[in-house]
Amino acid sequence: MKITEEMIILAEKLGACHEGIVRAKLGFEFLTVGDKEWIANQDETPIFVLEFLSNDEGGFVKESVAENPSTPTHILVKLSTDKFFTVRRAVAKNRSTPVEILEKLSTDFEDFVRAGVAFNISTPVEILTKLSTDENGYVKMSLVMNYSTPADIKNLLLERNRFGFSIKGLYQLR
């Protein structure tokens with residue numbers, strides 16, 4: 001059965017519950033990955049929809065849920081252990097991610113996840129300081145690009161540049 005616009009208008013007039021109206025309008029089974037990503041990125045997306053999308057099979061939709069600053073903590077906690085490193089990186093970059101999760105992700109085996117923590121403006125200085133000893137160039141570059149990284153750490157990283165490219169140049173372009 002296809003849900004038509006007329007049916008949705010009638011359901012709204014009859015006082016159907018808000019969640020039911022949203023589900024009817026979204027028609028999850030017919031949405032493309034791109035549609036789901038768009039929905040997951042909206043600040044106004046209801047929590048029950050974010051919960052549903054956080055269980056998607058692929059990484060792209062879950063990554064979009066993890067990027068959304070309105071995603072509740074319990075969903076970020078779940079996504080912080082996802083098998084896709086891109087999802088964990090999105091959690092690491094989300095300014096709403098709790099400190100405990102940032103601490104855990106700062107030791108992730110994937111360098112791009114640690115770089116996400118290093119780039120997050122909400123990451124506490126203590127974690128940024130620990131990450132400054134990371135051997136990975138992406139992590140160090142992310143620290144330099146982060147407005148919250150203390151100047152002394154940035155200067156130390158810029159002085160030690162052994163990456164084959166100019167972090168200092170990237171930093172000056174910001």
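Not counting residues up to four places away in sequence, L79 touches S54, K62, V65, A66, V87, R88 and V91. Touching, or contact, means heavy atoms within 4.5 Å. This is a predicted model, in which local features need pLDDT of at least 70, side-chain atom pairs count only at pLDDT 80 or more, and totals for chains, interfaces and linings use all residues. Residues are numbered from 1 along each chain as its sequence is written, and side-chain values use heavy atoms, with hydrogens and water left out.

L79 also belongs to the largest nonpolar core, which has 32 residues. Such a core is a set of buried Ala, Val, Leu, Ile, Met, Phe, Trp, Tyr and Cys residues joined through side-chain atoms within 4.5 Å. Buried means under 20% relative accessible area, exposed over 50%, and partly exposed in between (1.4 Å probe, protein chains only). L53, V65, L79, V91, L105, V117 and L131 touch the most other members of this core.

Now the chain as a whole. The protein chain has 13 helices and zero strands. Helices (H or I, at least four residues) and strands (E, at least two) are DSSP runs, numbered from the N terminus. Of the chain's 174 residues, 44% count as buried. Take contacts between residues at least 6 apart in sequence: 44% of them join residues at least 24 apart.

Next, a pair of helices. The axes of α5 (residues 59-67) and α7 come within 8 Å and cross at roughly 10°. Axes are lines fitted to C-alpha atoms, for helices over the stretch in contact, and angles run from 0 to 180 degrees between N-to-C directions. The crossing makes α5 roughly parallel to α7; angles under 35 degrees count as such. G59, K62, E63, A66 and E67 of α5 meet T86, V87, R89, A90 and V91 of α7.

Helix α9 (residues 111-119) is largely enclosed by the rest of the structure, because seven of its nine residues are buried. They are D111, V113, R114, A115, G116, V117 and A118. The buried residues of α9 pack against α7 (85-93), α8 (99-105), α10 (125-131) and α11 (137-145).

D134 is found between α10 and α11. D134 is buried, with a relative accessible area of 14%. The side chains of D134 and R114 are joined by a polar contact of 2.5 Å. A polar contact is a pair of N or O atoms within 3.5 Å; within protein, one must be able to donate a hydrogen and the other to accept it, and residues adjacent in sequence count only if both atoms are side-chain atoms. Leaving aside neighbours within four places in sequence, D134 is in contact with R114, V139 and K140.

Key:
Parallel < 35°, antiparallel > 145°, perpendicular 65-115°, else oblique.
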